[in-house]
Amino acid sequence: MALYYDETSYTFNEFLLVPNLTKKSNTPDNVSLITSLVRYKKNEGTPLKLNIPIVSSVMQSVSNDTLGISLARNGGLSFIFHSQMIEKQVQMIRNVKSYKAGFVKSDSNLKPDNTLKDILALIDKTGHSTIPVTEDGTPIGKLLGLVTSRDFRITKDPLDKKVKDIMTPYSKLVYGRKGISLKDSNNIIWTQKLNCLPIIDEKDFLDSLVFRKDIIEHDNYPNELLDSHKRLMVGAGINTRDYKERIPELIKAGADILCIDSSDGFSEWQKDTIEYVKKNYKNMYIGAGNIVEEEGFNYLADAGADFIKIGIGPASICTTREQKGIGMGQATAVMKVNEARNKYFKNTGIYMPLCADGGIVQDYHITLALAMGADFVMMGRYFARFDESPTNKIKIGNNYVKEYWAEGSNRARNWQRYDLGGSEGLHFEEGIDSYVPYAGSLKSNVDVTISKIKATFANCGANDIKELQEKARIIRVSAASIVESKPHDIIPKNYNEIAEY
């Protein structure tokens, strides 16, 4: 006979936090959001942490190297998507690991035989006003000079004037040698009154650029997530099909942690993948999922997973519940798995971090997820909106949007994530192709989100995640309460919004 759960499952939107006494010590400045990333034994502490409890989804439209760099600089972690050639994913991992704050790889380059017309076209395309001139026009070619907006006058110089006749030649450049520290680079910039310092190797080939404006910017990233070698941390998504070929290459590239990407992780394929990693790469960590209840949690925990993802079908573009009729409301799933995790910890002495994957619509849903037992959250739509995500920014009407598609859509064609065996290919979609409103830079948005989370912690009388989970008071709300939580019974000053009320 089928098992019936005699309860209703709920979403984050159906709960609110009830404030506790806010003591004088409960200020946002005193709140720490550092959290465990991988399993650890009681009284030992986790070997890997996040500085903010946020990671990005294993998705083509979200987690590439540019977003990986930006999120790590802000304290979180990206899992670079695996639905691509192994070589391309490996290169993205290398790009994050080789990134040095302040040392910028040039993506605006010209050859000496290009013209002023080419300079103007490149400036218009990239917005960059400093252009390295290399022998072959590549970012790593032999440096021959630099062109800036101060080197030409549009009203005086002909458009066919050669770059070599405009640029500041190599012989007159001040430069640094590869291996120089950022501190020493900055000192040269200040003492020589430069806006840009090119960094070259021993054969005079361009390595990177250091800009005056980035000196101040570097100080704005106090939460950078770094490994033991002071490199940015990055994760890699994997599937349960080509993992024996993919994982060795990802590890060579420097991936700090792996994560199996699947809509339903309660499977023997995931167990096989975890056991392969634990047998062959004893120092590598691997997350698994997704699951929504105790039996699935115990199965993956016993298999050796280092963290476990919760969520089947809660994402904004996921249609798994609609197509297959499987899943559970995300808030209920987090609470259920948290109970299982606490039992597991009591019985084994091993603490297993939980990741709430999906179902996050409002910023306060992150705080709710943490209060309900999650150690960190994984988000896709949230990050797809930003400059650093890999998709196109498009203007529709008077608004800018960015493309966003599910890994279960035909566009992604990521059939490997479903752990169902059988023939290759997608027979039906479990996600859609869509747009999300463009929101600007990652840093500006994450800063606002973190400020909201810390303010809510203070209202709940908690200064860290464990204290929040111990003290949080949570109440389920009615449909009328949800309406009451929004602006209502007024006429907004922005008359374009009137139709929404």
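Let's start with F307, which is buried at 0% relative accessibility; buried here means under 20% relative accessible area, exposed means over 50%, and partly exposed is in between, using a 1.4 Å probe and protein chains only. F376 is buried too, again with a relative accessible area of 0%.

Before I go on, this is a predicted model, so to speak: local features need pLDDT of at least 70, side-chain atom pairs count only at pLDDT 80 or more, and totals for chains, interfaces and linings use all residues. Residues are numbered from 1 along each chain as its sequence is written, and side-chain values use heavy atoms, with hydrogens and water left out.

Okay, aromatic pairs. Rings of Phe, Tyr and Trp (its six-membered ring) pair if their centres lie within 6.5 Å; planes under 30 degrees apart are stacked, over 60 edge-to-face, and the rest tilted. That rule gives 13 aromatic pairs. One of them is F297 with Y344, edge-to-face, at 5.7 Å centre to centre with 90° between the planes. F297 sits in helix α8 (residues 294-303) and Y344 in helix α10 (residues 330-348), so this pair ties together parts 47 residues apart in sequence. Helices are DSSP runs of H or I with at least four residues, strands are runs of E with at least two, and both are numbered from the N terminus. F297 and Y344 are both buried.

Back to F307 and F376: their ring centres are 5.4 Å apart with the planes at 70°, so that pair is edge-to-face. F307 belongs to strand β16 (residues 307-310) and F376 to strand β19 (residues 376-379), so here the parts tied together are 69 residues apart in sequence. There's also a cluster, with ring pairs linking Y40, F345 and Y351.

Where do those two strands belong? They are part of a closed barrel of eight strands, β5-β6-β13-β14-β15-β16-β18-β19, with parallel pairing. Two strands pair if DSSP finds at least two bridges between them. On average, neighbouring strands of this sheet are turned by 25° against each other, direction ignored. Strand β18 (residues 354-357) pairs with β19 in the parallel sense over three bridges, and A356 stands opposite V377 in β19.

Now the helices on that sheet. α10 packs on it, touching β15, β16 and β18, and its direction makes about 170° with that of β18. Contact means heavy atoms within 4.5 Å. Axes are lines fitted to C-alpha atoms, for helices over the stretch in contact, and angles run from 0 to 180 degrees between N-to-C directions.

Most residues other than glycine have a negative phi, and most peptide bonds are trans. The peptide bond from G289 to N290 is cis, with omega near 15°, and N290 is in strand β15. N43 isn't a glycine, yet has a positive phi of about 70°. N43 lies in the loop between β3 (40-41) and β4 (49-50), and is exposed, with a relative accessible area of 74%.

Last, the whole chain: 15 helices and 23 strands. Buried residues make up 52% of the 501 residues. Along its principal axes, the C-alpha trace spans about 80 × 60 × 50 Å.
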